[in-house]
Amino acid sequence: MKYLLMIYQNPATWQAMPESDKKAFMDEAGAIVDELTASGEWVGGEGLADPSTAASVRVRDGVPAVTDGPFAEAKEQVVGYCIVDCESRDRAIEIAIRWPDARRWGMEVRPILSPDGVEM
Amino acid sequence: MRTDAGTERLLRELAPQVLGAVVRRYGHFDAAEDAVQEALLAAATQWPVQGVPERPRGWLVTVASRRLTDQLRSDEARRRREAAAAMAEPPGPPGPAGAAPDGERASGQDDTLTLLFLCCHPELTPASQLALTLRAVGGLTTAEIARAFLVPESTMAQRISRAKQRIAATGARFAAPPAGEWAGRLRVVLHVLYLMFNEGYAATSGGETSRPELTAEAIRLTRAVRRLLPGDGEVAGLLALMLLTEARRPARCGPGGALVPLAEQDRTRWDQELIHEGLALVTGALTTAPLGAYQIEAAIAAVHAEAATAAGTDWPQILALYNLLERISPGPVVTLNRAVAVAMVRGPRPALDLLAALETDERMAGHHRLAAVRAHCHELAGDRGAAAGDYRAAARTATSLPERRYLEARAAQLAAAPGRARAAGTVGSP
């Protein structure tokens, strides 16, 4: 079963962090990606550019309204995502617990809807 | 592999036998598999032009062995650094009585079974067992397997390679499991085949065209196991269960891939040939072999298959079978299915009592099927409000798109036209 792991951060706090701390974060995450790749659970994932570069799009009565900035006004924003294919929800949560951002900000684990129907 | 259907069928049949023979002789599962793939490729291109050799299996073993020894020689230096000569050991004693070869059986067929045991090693996760079985025994390419599981090819390649490493690390030998482990290991093999079937069967409603081949592959491999162990009731039971379930496939999807529940399926579209074969198998197994869970599940599928209409279903018989199943193989999912039968035989109230007990089971609490069955019982009891609420709750927790759509539609029907809803279908598997 596939899960989306959304990585949340406060971009302002991240920016203020010393470079050595940022590097430690990235290395830690990189090691988890390597491990998930080796186990065959890694499907994909990327980091996102700063939320200030986002565009939010809404169409009302056929008229598109495009505003700069993320969809939700909040201190913490999605800054990256991973997709993993693993045995259980517990396993997906276990991966999220180990992700460094979880200690400082937070992670959200969401099952990805399967295109499949019920089993026999 | 692009080749004519006859050659392809022959190659798929021979692939695990050839791999088994090569691994048995030289060890090195990983390298042997590559060598066998190369040999199969050579055959696929040469045979249609030059004709199938007189002894195709021997041809493939020779070509694969040559490739393998070339390969091993060329990276001998690297190989020396690797400690694991895991599967290079000679084969152990033959399987125990009952499973033992009768002396007549071609050794290639025994190799297929041994290979299945190896791929379904208990140290592996089910996902890895499945992937490795499809690759090594089924002869599917990594790309085909990746497509079937909707993951990138690199993800699947890693999963397969990790599985092989794990097997090597356990020191498993290419030999039938020892007598004391035989039954337990066979259970794992059957479970993997069951999962393989399910993976494909569930997918057939999703509009994916590449995945139904998993059901065909599961049936083909289970048939192969049955040829090797014709006296085993559970092997027969599992094959019967697959055939009886597969028989309903043409009727279980409506327009746009919508799920059609069992009670509403057009039974004239069920595949009668598969039903007859499944019925004969399960009847034979139940009368000659010790009882097992797959046989009971197949017997339940058989009762559904024998009913010309949903209303004609012999629910008391199904309830009796679920009671039996719960005794020999208890679990929350069995209880949930039994609740459906209880509702049909004794009414919704006793079924709801049964479901209430399940809610405290943490393996089941919050599972969408529990809410769906509860909704069905409320519907039978005439409590439309509660039924709609439970269908909505079930839809929220379902992680399958067609199931979610089905449950939402059910909730909407109940909310929209009070007193005029169609007769409730069972929420049993479509």
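This is a predicted model: local features need pLDDT of at least 70, side-chain atom pairs count only at pLDDT 80 or more; totals for chains, interfaces and linings use all residues.
**View 1. Chain A and its elements.**
Chain A holds 4 helices and 6 strands. Read from the N terminus, its elements follow the order β-α-α-β-β-β-β-α-α-β. Along the principal axes, the C-alpha atoms of chain A fill a box of roughly 50 × 45 × 20 Å.

**View 2. The interface of chain A and chain B.**
Here 20 residues of chain A are in contact with 34 residues of chain B. About 2200 Å² of area is buried between chain A and chain B. Carbon and sulfur atoms give 57% of that area. The interface also has 7 residue pairs in polar contact, with both residues at pLDDT 80 or more. On chain A, helix H2 (19–39) and strand E2 (42–47) each supply at least two residues of the side that touches chain B. H2(A) gives the most to this side, with 3 residues. By class, the side of chain A that touches chain B has 10 nonpolar, 5 polar and 5 charged residues.

**View 3. A salt bridge between chain A and chain B.**
Side chains of opposite charge can pair when their charged atoms come close. Across the interface of chain A and chain B, the rule finds 1 salt bridge. Its partners are B:Arg159 and A:Asp85. The closest N and O atoms of B:Arg159 and A:Asp85 are 3.1 Å apart.

**View 4. Two helices crossing in chain B.**
Helix H6 of chain B covers residues 126–137, and helix H8 of chain B covers residues 153–170. Their axes come within 9 Å and cross at roughly 95°. Angles of 65 to 115 degrees count as roughly perpendicular, so H6(B) is roughly perpendicular to H8(B). What does H6(B) bring to the contact with H8(B)? The residues in H6(B) are B:Ala127, B:Ser128, B:Ala131, B:Leu132 and B:Arg135. They meet B:Met156, B:Arg159, B:Ile160, B:Ala163, B:Lys164 and B:Ile167 in H8(B). Sorted by class, the contact of H6(B) with H8(B) has 7 nonpolar, 1 polar and 3 charged residues. B:Arg159 of H8(B) takes part in this contact, and B:Arg159 also forms the salt bridge with A:Asp85.

**View 5. A salt bridge within chain B.**
Over all chains, the count comes to 29 salt bridges. One of them joins the side chains of B:Glu277 and B:Arg223, at 2.5 Å from N to O. Which parts of the chain does the pair link? B:Glu277 lies in helix H12 (residues 272–288) of chain B, and B:Arg223 lies in helix H10 (residues 213–228) of chain B. The two residues are 54 residues apart, and the pair links distant parts of the chain.

Terms used: Residues are numbered from 1 along each chain as its sequence is written. Chains are lettered from A and ligands numbered from 1 in the order in which they are written. Side-chain values use heavy atoms; hydrogens and water are left out. Axes are lines fitted to C-alpha atoms, for helices over the stretch in contact, and angles run from 0 to 180 degrees between N-to-C directions. Angles under 35 degrees count as roughly parallel, over 145 as roughly antiparallel, 65 to 115 as roughly perpendicular and the rest as oblique. Contact means heavy atoms within 4.5 Å. Ala, Val, Leu, Ile, Met, Phe, Trp, Tyr, Cys and Pro count as nonpolar, Asp, Glu, Lys and Arg as charged, and the others, Gly among them, as polar. Buried area is the accessible area (1.4 Å probe) that two parts lose on being put together, summed over both. A salt bridge is a side-chain nitrogen of Lys or Arg within 4 Å of a carboxyl oxygen of Asp or Glu. A polar contact is a pair of N or O atoms within 3.5 Å; within protein, one must be able to donate a hydrogen and the other to accept it, and residues adjacent in sequence count only if both atoms are side-chain atoms.
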